[in-house]
Amino acid sequence: MNIHEYQAKDIFRKYGIPIPPGEVATTPEEAEAIARKFGTTVVIKAQVHAGGRGKAGGVKLARTPADAKSIAAQILKLTIKGLPVKKVLVTPAADIASEAYVGIIVDRASKRPVFMASPAGGIDIEEVAAKTPDKILRRPVDPRYGLQLYEAMQLAFFLYSDMKQVRAAAKILQQLYKAFIENGGSLAEINPLVTTPTGDVVALDAKMVIDDNELDRRADIAALRDESAEDPSEVEARKANLTFIKLDGNVGCIVNGAGLAMATMDLVKYYGGEPANFLDIGGSSNPEKVVAALRIITGDRNVKAILFNIFGGITRTDDVANGIVTAIKQNPLKVPLVIRLTGTNEEIAVKILKENGLSAMTDMDEAVKKAVALATGKAA
Amino acid sequence: MSIFIDKSTRLIVQGITGRDGSFHTKQMIEYGTQVVGGVTPGKGGQKFEDKVPIFNTVAEAVKTTKANATVIYVPPMFAADAMMEAADAGVRFIVCITEGVPVLDMTRVRPFVIEKGARLLGPNCPGLISPGQSKVGIIPGRICIPGPVGLVSRSGTLTYEVVYQMTRAKIGQTTCVGIGGDPINGTNFIDCLDAFEKDPNTEAVVMIGEIGGTDEQEAARFVREKMKKPVVGFIAGQTAPSGRRMGHAGAIISGSAGTAAEKMQAFEENGVGVAKRPIDVIDLLKRAMR
């Protein structure tokens, strides 16, 4: 789960990481009032779950409260990578002497949390990694012991030579590690971590991604979810316990299991079509899930044909058949439907479909070919 | 023969009285798996289906039943503890079916299990089956037949699909292993390929991967350097967009790394037969085993 910069900053502040004050505005007037309160030049930053905010015009300086109002108005009209900006963070502009990067992720290769530090902060760290890998220090952490002081110092010495700054940065790193672990992070990042002309070390930005699997035991973190910042169809899918990812094609796919769902999309492409989505109805599916899945898919006006591909293991195919029938009764389909199902209770499923004027196929390749032909207007 | 489990496997079920645990325990017993005990804290002394003894702890269950394998169906927030409990009790083979285990938990569980000398399969996996001998987990028994091909996969239903097509083509299996879709797990492709290479009854291996990570690329190099048996592979997610998690926690293309194209190329370069569609696995196998 993504959280906003201001939310990540709130978490980091609780761990004693030095962060300048800031307040959130949802209207230009609020931004103006906050800027007046700070009484200095402010930075107005779009709060949106997308990278590259600066390049998209979502981060700007405002010298006066009136500027803050007009700039906030501009930013609140932006859409960045398909997501509308609904909130801005207003924070006093800082004087910057140097910019560094520090971040932590769970690394698949070492199977541990790994810290990364770079004196080349303020820009895209992946770009630094690709072009000047010697400017990044990576340090795996044994999660059973946590980030020791000597490890934090080693990272800090890579960033600074002034001992006061090294010690300050080491403390920030240890606190960042704690924030990461105790809040179920899959990523925690400060970019940039700056030094001020007076020598202080301060976090000017904050980013945190939470492992979705942690949310069940962290109600306070789960409550940070901002649904208005997410794609509406993906919000609906999550509420129905479905995994849904919208794509640009015209063959809507409803599948059980993530691997089979991907393989189905791939087959659609193989036979000359384009998948409209990834949708996994999961293991123990009930008819309501199927109803929700069809509602989401039919909400996409690009979809010209719908393909079910169900391999019944734990999933009972008769449940899926019942769901299809119920959904169509509630909301007759305007596009053709191709159903492939095999496995648990297949005979019952086929009977249910037949009684309702539908039919099912058993071969995956044949079903995909037919759906592609229907979507592209070439009869199969 | 087979890998990891066979007729002699003595299995306990952690979470045997839960909804999923009880359903699949019945299925495993029906298939012929020796289920010698179950664990549900607070239900020690009771019996499952009037037959299988239930214990409060894994340690007690192992002491009484001499179990050498366990399968875990407990909710995600308790799964890490269940895996560690099993390893600490001396169980050598631990299969965790549970989906949704926090990744940070796995960064602690994995080294713990390895230090105890146990093998962990999963989490978030369908388990494994040695057709005609034993099944541990949730793979439907009726789609498998005994035979000479080993199968290892990161997926559940896609595995069923490929096994089903193999069985329809009368190509049987020594063992089908689902290693699971999480970014940090216990057993990887190489562990399974190595076991299949050493298994005298396995003549060829099918490897089903997906986007995300570098496991398949490393496995492909292992095939070239360490294996004599033919291996064919399929990668799911050729049409997956970058930066999005495709259902499985580990199925994500980061930037431009972990794509299907990159993995298929690694297969090609290292002599692993590349199936463009799941059905192509059949022809590739037939040719490889001729």
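Among chain B contacts between residues at least 6 apart in sequence, 72% join residues at least 24 apart, a contact meaning that the two C-beta atoms, placed from the backbone, lie within 7 Å. This is a predicted model, in which local features need pLDDT of at least 70, side-chain atom pairs count only at pLDDT 80 or more, and totals for chains, interfaces and linings use all residues. Residues are numbered from 1 along each chain as its sequence is written, while chains are lettered from A and ligands numbered from 1 in the order in which they are written. Chain B averages a pLDDT (the predictor's per-residue confidence, from 0 to 100) of 95, with 100% of the residues scoring at least 70. For the complex, the predictor gives an ipTM of 0.92 and a pTM of 0.93.

As for overall form, the C-alpha trace of chain B spans about 55 × 40 × 30 Å along its principal axes. Chain B holds 9 helices and 14 strands, taken as DSSP runs numbered from the N terminus (helices H or I, at least four residues; strands E, at least two).

Strand β11(B), residues 173-178, is mostly covered, with 6 of its 6 residues buried. It pairs (at least two DSSP bridges) with β8(B), residues 127-130, in the antiparallel sense over 3 bridges, and here B:Ile129 has B:Cys176 as its bridge partner. With β10(B), residues 146-153, the pairing of β11(B) is parallel and runs over 5 bridges; B:Ser153 stands opposite B:Gly178. Getting from β10(B) to β11(B), the chain passes through helix α5(B), residues 157-168, in a right-handed β-α-β crossover (clockwise from the first strand over the helix to the second, with the strands pointing away from the viewer).

Turning to the interface, 42 residues of chain A are in contact with 42 residues of chain B. On the chain A side, the elements that each supply at least two residues include β8 (112-118), β13 (243-246) and α13 (364-376). The most comes from α9(A), with 11 residues.

Terms used. Buried ≥ 20, exposed ≤ 12 C-beta atoms within 10 Å, placed from the backbone.
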